[in-house]
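Good morning, and thank you for joining.

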Amino acid sequence: MTGYSIQQIATALGTEVLGDGTIIVTGVAEPGQAGPDDLAMAMSAKYAAGLAQGSARAAVIGAGMDWRALGLQAAIVAPRPRIAMAHVTCALDPGPVIAAGIHPSSVIDPTARIGAGAAIGPFVVIGPDVQIGARARIASHVSIAEGARIGDDALILQGARVGARVIIGDRVILQPGCVIGGDGFSFVTPETSQVETTRATLGKADGAVTPQGWTRIHSLGSVRIGDDVEIGANATIDRGTVADTTIGNGTKLDNMVHVGHNCRIGQDCLLCGQVGIAGSVTIGDRVVLGGQTGVADNLEIGSDVVTGASTIILSTVPPGRALLGYPAVRMETQVEMYKALRRLPRLAQTVAALQKAVFKTDKTS
Amino acid sequence: MTGYSIQQIATALGTEVLGDGTIIVTGVAEPGQAGPDDLAMAMSAKYAAGLAQGSARAAVIGAGMDWRALGLQAAIVAPRPRIAMAHVTCALDPGPVIAAGIHPSSVIDPTARIGAGAAIGPFVVIGPDVQIGARARIASHVSIAEGARIGDDALILQGARVGARVIIGDRVILQPGCVIGGDGFSFVTPETSQVETTRATLGKADGAVTPQGWTRIHSLGSVRIGDDVEIGANATIDRGTVADTTIGNGTKLDNMVHVGHNCRIGQDCLLCGQVGIAGSVTIGDRVVLGGQTGVADNLEIGSDVVTGASTIILSTVPPGRALLGYPAVRMETQVEMYKALRRLPRLAQTVAALQKAVFKTDKTS
Amino acid sequence: MTGYSIQQIATALGTEVLGDGTIIVTGVAEPGQAGPDDLAMAMSAKYAAGLAQGSARAAVIGAGMDWRALGLQAAIVAPRPRIAMAHVTCALDPGPVIAAGIHPSSVIDPTARIGAGAAIGPFVVIGPDVQIGARARIASHVSIAEGARIGDDALILQGARVGARVIIGDRVILQPGCVIGGDGFSFVTPETSQVETTRATLGKADGAVTPQGWTRIHSLGSVRIGDDVEIGANATIDRGTVADTTIGNGTKLDNMVHVGHNCRIGQDCLLCGQVGIAGSVTIGDRVVLGGQTGVADNLEIGSDVVTGASTIILSTVPPGRALLGYPAVRMETQVEMYKALRRLPRLAQTVAALQKAVFKTDKTS
């Protein structure tokens, strides 16, 4: 890991050094595990004991903490600790090792155009008419199919799959094993199917079934991903049927997020681990979906919506709404409903007592 | 993309051309984005404005729409729009580029038998005693382990994993990154474990724990997949313990579906995105499980069952049932329960008022 | 498959042979499908009919079953059937075919150290400063990034991804497609974000939004995995921000389990299919999480906790607790709440009748 002076890091954070800015650090550590060349991340008072245990000379500390009393020789005060964490970890991240140039084992179609300064690892396959941006880094075992376009400074990690005609913007990060541009899951029966009847009647038409097989709707569209997007490990984004499935600039998808065919996801969204978006969903900007959130097909989710973990969205959501639960309702409504449910057994007892008093009967409901 | 005349497409759909059947189209598009060589998909009246915006000469339209008034030179009327979509997209899908023959970089065991006309891409590994069917297409980075059999006309996409002795039927599609034949998740403790006690007592026996480790039950069975099956990107199907895990003809699994060891899934089922089926579950024919549906282990799900998104099945389900919720109940029951829950806070207020009136007390429940 | 005598298997199980211990078996089978060289697994009375149908000469049977009456020539009585299954399947598992030595197609950095007797398959990439333990077996298409360490006797299956500086213990099994050491999902906005406000107010502060993008917190930590751990197909474990994400000895993760950055998971846990653990969660020892269980970020789960399928944990859990539901509560409480909810529509009717009787009104709540 390269070393940085405390002064350099403070400058990157847009803040001042307290103490000796010439100290060089080569890594970050939790206060208790920090060695003398580590920058300890001690951004709240609870880390004071850890600092005493470890041997950090320099730390990032929270506002109001006394660096001298903590035994430090240098400190940087971070008014917003996680922003400090972002800048410090960015500066100290060595990044993945992907050797410069094109590894001789890779199979690159002669019609592909590789941007200046791109690095391509072993066993990469790049198909016909692919364009790779300048300085893009592509790790081992990646496949990029015919006609795909990868932007400048993209980082595509081990075994990621990019399908035919997928377009990926600048500075995008694809984590290992993600699949961009698998076929959409779209099948139809010759006659009205059981599942169509069920959806139309909310399940009131059980049982009247004509057995029939599924005919496949092919995916002629592709996937378009904006700039500064990150896609998590083993996540999947399916291609559209006619138009493209799209992901807006700055949106981040966590591991194993699934985005179905024809979805249009806006800018600066966060989709946390294992979120599932069914087909043809439209999502606005800055939407944050908690882990395992599910969204049923053909819905619209407005901008600035936030969901708690495992929220299941079964109907359209206006902008700015905070949701929780299955099915999703306003977060505070869910909390009220849930409290009432916890008190329900007692409520039933009360009603039984009332019933006895009013109707002079022992029958409990 | 190859061109087709409108007459050819109408014939494939088993319907007539309105207008000029000689027009050639080379792709499909949404009405508003369509160019003069695109077939616009405008199967309901809401697309009329789009047709005016775009420059399509030909379109697939819905019953009752007036093609001349829409400004078209040719039209095909689709009585069931999604079936039309299936046929049109099938005709126009260029399919993935996988060069004919066997790529020289592939590692193919000399005991493997490769069918006539099979295409095998770069960096594919095919183990001992594998059989690959005629005209099968295998994209880059796929591995097919010892003794596996792949049917005719199969399409196995990038980085799919086929384990030892797995049997896969004709015309099966494996999307990128799926894993067929990982080991089952099956472990046992020497003495009765905490989790066994919990399941037996529904959690009433908290706390009495003898620490012990897990012994692995190996998977000697494999996986058998019928004809015309599709497996989604990054989906996983585990091998059986003694017998094989099986998937019936015509069943389709979406991305990230998990099928545990020993499951037997029938024909023509649809398992939507992120569905999880625990071990030893039996599922009938034509079952449709909505996205994120979960099924607990050792259950039976009858034929023609349909579940809404994120339904969690914790007990056996008779045929033809439509289910929703956690735990799963009949869809209409769930809707009733849910409505009642939303009214519960008001019900509690009513009971408090009754209590005050009847018992002359201020105490609220 | 190698053959074993019934006597050898009985010895492995620590039990006696009934009948002819010299019979050689080469596989296991369900009773009805068993051939003469198969050991039938018939560990409860329900398998008696199957034994008559098949042609097994030898079987593992349950306590109290009469081997002669079942038509067997040899039998092994298993007091705890699943333990017997573990030992028998272990003995008879041929394991994956991974040829001895290093496949010539693999790309191994000259600074990597490969342990004695290790087997490395085709198209494997091993980066700088990697250490591979003795007798480790690494299947095709695996990548192991710079500075990672793999223990002795590890089994790393097709296409598994091991990130930079990840440490993996002895006898660990990585199923195909799992990703160990993807980057953590950790982003921050310059100013307080909508999602922070929502969490602080439980959604009561809808709407007051300043649009802003996400800044990435890089993952400088790595992942440490103990001995005897198994990681399922397409599962993902993210690296820590500063410290490492850790998995204790003997813990098993099923397919598509997601473990977020900074998590610390104890020993001998079972995390079933599609479980999702958000960032910075601490989990004790011997915890068993049912399939699709979700755990929100920054929580502590005590040792010996057990959850039912799809339980969603939104708050810290003391040791030994059995949980169910969304949100998770004690399993028996959940069952009570659920029963009350099913009776709720009837309760509402009773309250309406009371209201009418007491207040002499027709108004229903």
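This is a predicted model: local features need pLDDT of at least 70, side-chain atom pairs count only at pLDDT 80 or more; totals for chains, interfaces and linings use all residues.

Strand β27 of chain B, residues 245–247, is joined by two bridges to strand β30 of chain B, residues 264–265, and the two run parallel. Which residue stands opposite Thr246(B) in β30(B)? That residue is Arg264(B).

Strand β21, residues 179–182, pairs with strand β18, residues 161–162, both of chain B, in the parallel sense and over two bridges. Here Val179(B) in β21(B) is the bridge partner of Arg161(B). β21(B) also pairs with strand β26 of chain B, residues 236–238, in the parallel sense, this time over three bridges. In that pairing, Ile180(B) has Ile237(B) in β26(B) as its bridge partner.

Over all chains, the structure holds 30 salt bridges. One of interest within chain B is that between the side chains of Asp183(B) and Arg216(B), with an N to O distance of 2.9 Å. Asp183(B) belongs to the loop between β21 and β22 (187–188) of chain B, and Arg216(B) to strand β23, residues 215–216, of chain B, so this pair ties together parts that are 33 residues apart in sequence. Please keep Arg216(B) in mind, as we shall return to that residue.

Next, the symmetry. Chain B can be laid on chain C by a turn of 120° and a shift of 0.0 Å along the axis, with an RMSD of 0.1 Å. The two copies are therefore related as by a three-fold rotation axis. Of the contact residues of chain B, 18% recur in chain C, and the copies use different surfaces. For chain A, a rotation of 120° with 0.0 Å of shift along its axis superposes chain B on that chain, again with an RMSD given as 0.1 Å. Only 19% of the interface residues of chain B are also interface residues in chain A, so these copies, too, meet through different surfaces.

Let us examine the interface with chain A. The contact takes 75 residues from chain B and 80 residues from chain A. The area buried between chain B and chain A is about 6,100 Å², and carbon and sulfur atoms give 68% of this area. How many salt bridges are counted between chain B and chain A? There are three salt bridges. In one salt bridge, Glu196(A) meets Arg80(B), and the closest N and O atoms are 2.7 Å apart. There are also 25 residue pairs in polar contact between chain B and chain A. Several elements of chain B each supply at least two residues of the side that touches chain A, among them β4 (27–29), α3 (81–92) and α5 (331–342). Which element gives the most to this side of chain B? α6(B) does, with nine residues. The residues of this side divide into 40 nonpolar, 20 polar and 15 charged.

Finally, the interface with chain C. Here 80 residues of chain B are in contact with 75 residues of chain C. About 6,100 Å² is buried between chain B and chain C, with carbon and sulfur atoms giving 68%. Three salt bridges are found across this interface. We now meet Arg216(B) again: Glu230(C) forms a salt bridge with this residue, the closest N and O atoms being 2.7 Å apart. The count of residue pairs in polar contact between chain B and chain C is 23. The elements of chain B that give two or more residues to this side include β21, β22, β23 and β26. The largest share, nine residues, comes from α6(B). By class, the side of chain B that touches chain C has 39 nonpolar, 29 polar and 12 charged residues.

Thank you; I would welcome your questions.

Terms used
Residues are numbered from 1 along each chain as its sequence is written. Chains are lettered from A and ligands numbered from 1 in the order in which they are written. Side-chain values use heavy atoms; hydrogens and water are left out. Two strands pair if DSSP finds at least two bridges between them. Helices (H or I, at least four residues) and strands (E, at least two) are DSSP runs, numbered from the N terminus. Contact means heavy atoms within 4.5 Å. Buried area is the accessible area (1.4 Å probe) that two parts lose on being put together, summed over both. A salt bridge is a side-chain nitrogen of Lys or Arg within 4 Å of a carboxyl oxygen of Asp or Glu. A polar contact is a pair of N or O atoms within 3.5 Å; within protein, one must be able to donate a hydrogen and the other to accept it, and residues adjacent in sequence count only if both atoms are side-chain atoms. Ala, Val, Leu, Ile, Met, Phe, Trp, Tyr, Cys and Pro count as nonpolar, Asp, Glu, Lys and Arg as charged, and the others, Gly among them, as polar. Copies are superposed by least squares on the C-alpha atoms of residues with pLDDT of at least 70 in both.
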